Amino acid sequence: METFIKILIADDHQLFNDGMKMMLSAEDNLQIVGQVFSGKDVLDAVHRLQPDLVLLDINMPHLNGLDVAGKLLSSYPNVRVIMLTMYSDRKFVDDCHRLGVPGYILKNSGVDEVLNAIDTVLAGKRYYDPKLTKSTTPNQHADDSFQKQFQLTKREIEIISLIGQSFTNEEIADKLFLSVATVKTHRNNINLKLGINKPADLVKFAVEHGLA
């Protein structure tokens, strides 16, 4: 009887989630046992479905992928985790190393690389996307101690400053000539980097660091 590798896909973008399911389902030895679209649903799905491996995005609603990975590695040590993300930021890669996440691949990877990562991680080894050695570089403003400390981009600092001044997402978008969706994405990235979940805490951060 053939043994399948059972995989759970956790990504809040349904189109990407469905595309990954379709791509991996074409492999004879892989079985997609479930799909989840929110960080808070991952652990329950793992408990119910008992996958061998979880493909996990970092930027997830309600509970980010880094927090989910930490809980998974602690509660389900036999379940392998691969971060599948668009983020090549050094901070996120370092956080995953520190947590003991065995796999980290970028969303611009091809199917062969994804399959290679799955095989490597299930064999008990680490697989970190080779592209990270080129793309994961120190912040280009590393001479600025504030930016270096928090790994924030110049744009993110601009947005924090405006948030600290009580501007809404719509007002920030108008001031910076961005879409509201782009501002929201920046805010999600800022929250991840600073470990902040509440808008009030971000305003407090801006004030405490002289950005407001």
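Student: Which residues have the most contacts inside the largest nonpolar core?
Tutor: In this predicted model, those residues are Val 42, Val 54, Leu 56, Ile 58, Met 83 and Tyr 104. The core has 27 residues.

Student: And which element gives the most to this core?
Tutor: That is α3, with four residues. Other elements giving two or more include β1 (5–10), β4 (80–85) and β5 (103–106).

Student: Back to Leu 56, what does it touch?
Tutor: Leaving out residues up to four places away in sequence, Leu 56 touches Ala 10, Val 42, Gly 65, Val 68, Ala 69, Val 81, Ile 82, Met 83 and Leu 84.

Student: You mentioned β5. Which way do its residues point?
Tutor: Gly 103 and Ile 105 point one way, while Tyr 104 and Leu 106 point the other way. All of them are buried.

Student: In what sense do β4 and β5 pair?
Tutor: They pair in the parallel sense, over four bridges.

Student: What about β5 and β6, right-handed or left-handed?
Tutor: Together with helix α5 (residues 111–122), they make a left-handed β-α-β unit. β5 and β6 are also paired in the parallel sense, over two bridges, and Tyr 104 stands opposite Tyr 128 in β6.

Student: New topic: which residues of helix α9 are buried?
Tutor: Asn 169, Ile 172, Ala 173 and Leu 176. They sit on the same side of α9, because they cover an arc of only 100° around the axis.

Student: What do they pack against?
Tutor: The buried residues of α9 pack against α8 (154–164) and α10 (180–194). Just after α9, Phe 177 has a positive phi of about 60°.

Terms used. Residues are numbered from 1 along each chain as its sequence is written. This is a predicted model: local features need pLDDT of at least 70, side-chain atom pairs count only at pLDDT 80 or more; totals for chains, interfaces and linings use all residues. Side-chain values use heavy atoms; hydrogens and water are left out. A nonpolar core is a set of buried Ala, Val, Leu, Ile, Met, Phe, Trp, Tyr and Cys residues joined through side-chain atoms within 4.5 Å. Buried means under 20% relative accessible area, exposed over 50%, partly exposed in between (1.4 Å probe, protein chains only). Contact means heavy atoms within 4.5 Å. The arc is that of the directions from the helix axis to the C-beta atoms. Two strands pair if DSSP finds at least two bridges between them. A crossover is right-handed if, with the strands pointing away from the viewer, the path from the first strand over the helix to the second runs clockwise.
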